[in-house]
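Please look over the sequence and the model before reading on. The report below takes up a hairpin, then a sheet, then a pocket.

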Amino acid sequence: MLKRFVNILVLLVLTASLSANTWLVSTTELVRGDTIFQTSYNYNASLQPVLISTKIAVNNSEFSNYCYTEQQFETTNKVSSSTFLWNNTTWKKSTRTEWIYENALLKNKKELIGTSDNWADKEQISYKYNVQNKLLSETTQTYVTNWENRLKTAYIYNDSITEITFLVINEGIWKPYGKLISTNDSEKSLVYQEFDSVWHTRTRTVYHQKSSGQLLDETQQVFQDSNWINKAKRLFTYDENENLNGELLLSWKTEFWKNVQRSKSEIDTFEKITTYYTALYNQWLPAYRTMVSLNEEFLPNNVSTNYLFWGGDVSRMRYDFLPVDTEIIPKLMYGHQIAITYESHTNTPTDIQIKEKSVTVYPNPSPNGIFYVDGDYTTISEFWVYNLQGQLIKHVTHANNKTIDISELNKGIYLSKIVANTNQTFTTKLIKSH
C-alpha cells in the first residue's frame with residue numbers, strides 16, 4: 001500500500017473563544033513537496049486580522065519573502081484587503097478587494113488588480129435590499145474603459161427565499177437564463193429551470209430531513225420525457241450525539257443505485273479521523289484519510305491527509321481537492337498538512353503614539369517580530385532598526401508597504417526610525433517577545 005503526504009499553502013485565520021482568553025492563530029506552517037510555506041498573522045486592537053505575511057523555503061533553504069496581505073478597516077463603512085507578491089527585488093501589487101457598507105449592509109464589493117504604480121478596477125458587485133433589509137439583487141459589472149453590466153441575480157421571498165433568477169446582459173437588456181425555485185411540498189426540493197424563449201424544467205434536488213432538521217439524504221434528478229430521472233444521491237449517518245459521522249455517494253444506473261464513495265469519521269477527545277473509501281471490484285477500498293488533532297485547549301493544531309492507495313502503480317488515483325472539515329477549520333484545498341500555532345489575548349495590543357503624529361504599531365509586543373505600522377501616510381519608504389546601545393541592526397529602503405520585519409533577530413527590545421513616502425519621520429520602540 002502506497003502512502004503519500006501532499007501539503008499546500010493555505011492562508012488561514014482562525015478564532016475561537018475559550019474561558020476568559022481569546023485564542024488567535026499566530027503562525028501556520030505547510031509543506032508541499034520540497035517547499036515550506038510559513039505564514040504569520042498580526043491583529044489590531046480589536047483583534048481583527050490586519051497583516052497576513054508568508055515566507056517560502058525550498059529544498060531546506062533560508063526563508064525568503066513570498067507574499068503578504070494587509071487588511072485595512074478604514075472606516076465603519078469601508079474595509080479593504082490588498083495582496084502583494086515579492087519579485088526578488090520589491091513588493092508588487094497583486095490583487096485588492098474593497099467592501100463598502102451602509103447601515104451595516106454590504107452595498108458594494110470591488111475587485112482590483114495591481115499595475116506598476118496603482119490599483120486598476122476589474123470587477124464590482126452592487127447589492128440592493130428591500131425595506132426589511134432582505135437582499136433583492138446582486139449586479140456584477142466588469143471594467144474595460146468604463147463599468148459595463150454583465151450578470152445579475154434577483155431574489156423573491158415568502159418567509160424565506162422562494163425563487164432566485166439569473167440574468168445576463170444582452171444588447172443592453174437583462175435577459176434571464178435560469179432560475180432556482182424552492183418548493184415546500186411533501187418533499188422539500190430545489191428545482192432549476194433554464195430559459196430560451198420559454199422556461200424549461202431541467203434538474204432538481206430533493207431533500208429528506210430528520211425531525212431535528214438534519215439531512216437524511218439528498219437526491220439529484222433530471223427532467224426527461226415528462227419524468228424525473230435519478231442521477232445521484234447522498235446519504236448521511238449520525239452518531240449517538242447526533243453529530244454527522246458518515247456520508248455515502250451513489251450514482252443511478254438505470255435500475256439500481258451504484259456505490260461511488262463513502263466516508264466514515266471516528267472522534268475521540270483530541271482527534272478526529274475521517275476515512276474516505278472508493279467502490280472498486282464490488283468492495284470498499286480506502287482511498288485517503290484525514291486526521292485533525294486538537295491541542296489542550298481543544299483547538300485544531302494539526303490537520304493532515306494520508307493517502308491509502310492499493311495495487312502499487314496500477315491505480316494512479318489522485319485527489320487534488322480533499323476536504324478537511326471540522327466545526328472550526330474551513331475546507332483546505334489540495335493535499336495537505338497544516339500545523340497551527342496560537343497566541344492568547346487577555347487584553348488589547350499596545351498602541352504607541354509618536355509625538356503629535358498619528359502612528360500605531362501593532363502587535364507590540366510581537367511574538368514573531370513582524371509589526372504592522374499604521375498612520376497618516378500611504379506606505380513606509382525606509383526604516384532603520386537599532387539595539388538599545390544605539391548600534392544599527394537593520395536598514396531597509398524602498399519598503400513600499402506598512403510592515404517592519406525583524407523576525408530574524410533575537411527576542412528583545414529595539415528602537416526604530418521610520419520614514420514614510422510623505423517624508424514624515426517617526427521613531428518607535430519594537431518588542432519581539434519570542
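## A hairpin

In this predicted model, E21 and E22 form a hairpin with five residues between them, and Phe298 in the turn has a positive phi of about 65°. Strands (E) are DSSP runs of at least two residues, numbered from the N terminus. Strand E21 covers residues 283–294 and is joined by seven bridges to E22, the two running antiparallel; two strands pair if DSSP finds at least two bridges between them. Within this pairing, Tyr288 stands opposite Tyr307 in E22.

Strand E22 (residues 300–307) is largely enclosed by the rest of the structure, because six of its eight residues are buried. Buried means under 20% relative accessible area, exposed means over 50%, and partly exposed lies in between, with a 1.4 Å probe and protein chains only.

## A sheet of four strands

An open sheet of four strands has the order E27-E26-E29-E30, with antiparallel pairing. E27 and strand E30 (425–432) stand at the edges with a single partner strand each, so one side of each is left without a neighbour in the sheet. Neighbouring strands of this sheet are turned by 25° against each other on average, direction ignored; the axes are lines fitted to C-alpha atoms, and angles run from 0 to 180 degrees between N-to-C directions. Inside the sheet, six bridges join strand E26 (residues 380–386) to strand E29 (residues 412–420), and Phe383 stands opposite Ile418 in E29.

His395 is found in strand E27 and, at 38% relative accessibility, counts as partly exposed. His395 touches Glu382, Phe383 and Trp384, not counting residues up to four places away in sequence, where contact means heavy atoms within 4.5 Å. The C-alpha atoms of His395 and Glu382 are separated by 7.6 Å, although these residues are 13 apart along the chain.

## The second largest pocket

The second largest pocket is lined by 20 residues, and Phe84, Lys93, Trp119, Thr379 and Asn400 lie nearest its centre. A pocket here is an open set of points on a 1 Å grid over the protein atoms alone, where a 1.4 Å probe fits, with protein on both sides within 12 Å along at least five of seven lines; lining residues have an atom within 4 Å of a point. Strands E5 (64–75), E6 (78–86), E7 (91–102) and E27 (392–401) each supply at least two residues of this lining, and the largest share, four residues, comes from E7.

## How to read the values

Residues are numbered from 1 along each chain as its sequence is written, and side-chain values use heavy atoms, with hydrogens and water left out. Because the model is predicted, local features need pLDDT of at least 70 and side-chain atom pairs count only at pLDDT 80 or more, while totals for chains, interfaces and linings use all residues.
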